[in-house]
Amino acid sequence: LLAAGKRINWVFLGAPGVGKGTYASRISKLMKIPHISAGDLVRDEIKRGTELGARMSEITSKGQLLPDAMILDILKGRVEKGIEEGERGFLLDGFPRTEAQAEELRKFTEVQQVMNLGLREDILVEKCCARRVCKECGKNFNIADIYHPGDPPIVMPPLNPPAGCEDKMEQRKDDTEEVVKARLQVYKDNSVPVEEFYRKSGMLTDFEIKSGIPETMPRILEVIL
């Protein structure tokens with residue numbers, strides 16, 4: 001695709017904790033396009049202690065979705081910056097979360113393909129509560145060691161930190177079971193219209209995750225390429 005001189009503008013959808021960021025970051029490296037995470041853009045704004053970041057922190061700590069205008073402003077700025085710097089596209093995850101957001105996104109950039117990642121809700125809660133970030137290097141890890149019997153069984157080994165990060169792990173304050181479940185319910189309430197928005201245009205592909213990263217990556221690449 002890149003060799004043909006075409007832009008690659010892809011979107012990864014899915015509930016919080018499904019692994020959008022993990023798969024998007026790895027695939028974006030393979031495709032040599034930036035991975036743009038709406039969640040990371042928001043967390044960076046909060047970390048920088050701006051007035052906008054303070055308002056965002058107050059809303060997200062309650063498990064609520066941020067107003068569209070807040071996310072659209074920082075996302076549009078990031079996309080436009082990429083175009084100015086000669087980026088060949090993007091892989092966007094964590095956005096859009098509502099049909100209105102999808103409509104607004106279409107106004108300032110073209111989306112070509114959408115991957116909708118799915119995972120059982122009880123496993124999503126377990127994974128979200130096990131997320132950790134290194135407060136020094138900023139990398140994300142997950143200490144959940146998941147095994148659910150079945151045919152086939154669902155096996156997801158932990159993504160543990162290296163020795164240098166082990167004593168620097170911290171948990172996001174909104175990754176508690178109560179907030180995670182509230183976030184998942186909000187997501188479910190809004191996700192169906194977004195999925196239908198892209199399904200009608202023929203861009204959406206549903207993809208169920210049933211195993212760890214080494215087994216899932218080849219399956220995703222087979223579908224998306």
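Reply: Two strands are taken to pair if DSSP finds at least two bridges between them; strands (E, at least two residues) and helices (H or I, at least four) are DSSP runs, numbered from the N terminus. This is a predicted model, in which local features need pLDDT of at least 70 and side-chain atom pairs count only at pLDDT 80 or more, while totals for chains, interfaces and linings use all residues. Residues are numbered from 1 along each chain as its sequence is written, and side-chain values use heavy atoms, with hydrogens and water left out.

On that basis, the open sheet consists of five strands with parallel pairing, in the order 2-3-1-4-10. Strand 2 (35–37) and strand 10 (204–208) are the edge strands, each pairing on one side only. From one strand to the next, the twist averages 20°, where axes are lines fitted to C-alpha atoms, for helices over the stretch in contact, and angles run from 0 to 180 degrees between N-to-C directions.

Within the sheet, strand 1 (residues 8–14) and strand 4 (residues 113–118) run parallel and are joined by five bridges. Leu 13 has Asn 116 in strand 4 as its bridge partner. Helix 1 (residues 20–31) packs on the sheet, touching strands 1, 2, 3 (89–93) and 4, contact being heavy atoms within 4.5 Å. The direction of helix 1 makes about 165° with that of strand 1.

In helix 2 (residues 38–47), Ala 38, Val 42 and Glu 45 are buried, that is, under 20% relative accessible area with a 1.4 Å probe, protein chains only. These residues lie on the same side of helix 2 because they cover an arc of only 60° around the axis, the arc being that of the directions from the helix axis to the C-beta atoms. The buried residues of helix 2 pack against strand 2, helix 3 (51–60), helix 4 (68–84) and strand 3.

Terms used: Buried < 20%, exposed > 50% of the residue type's maximum accessible area, 1.4 Å probe, protein only.
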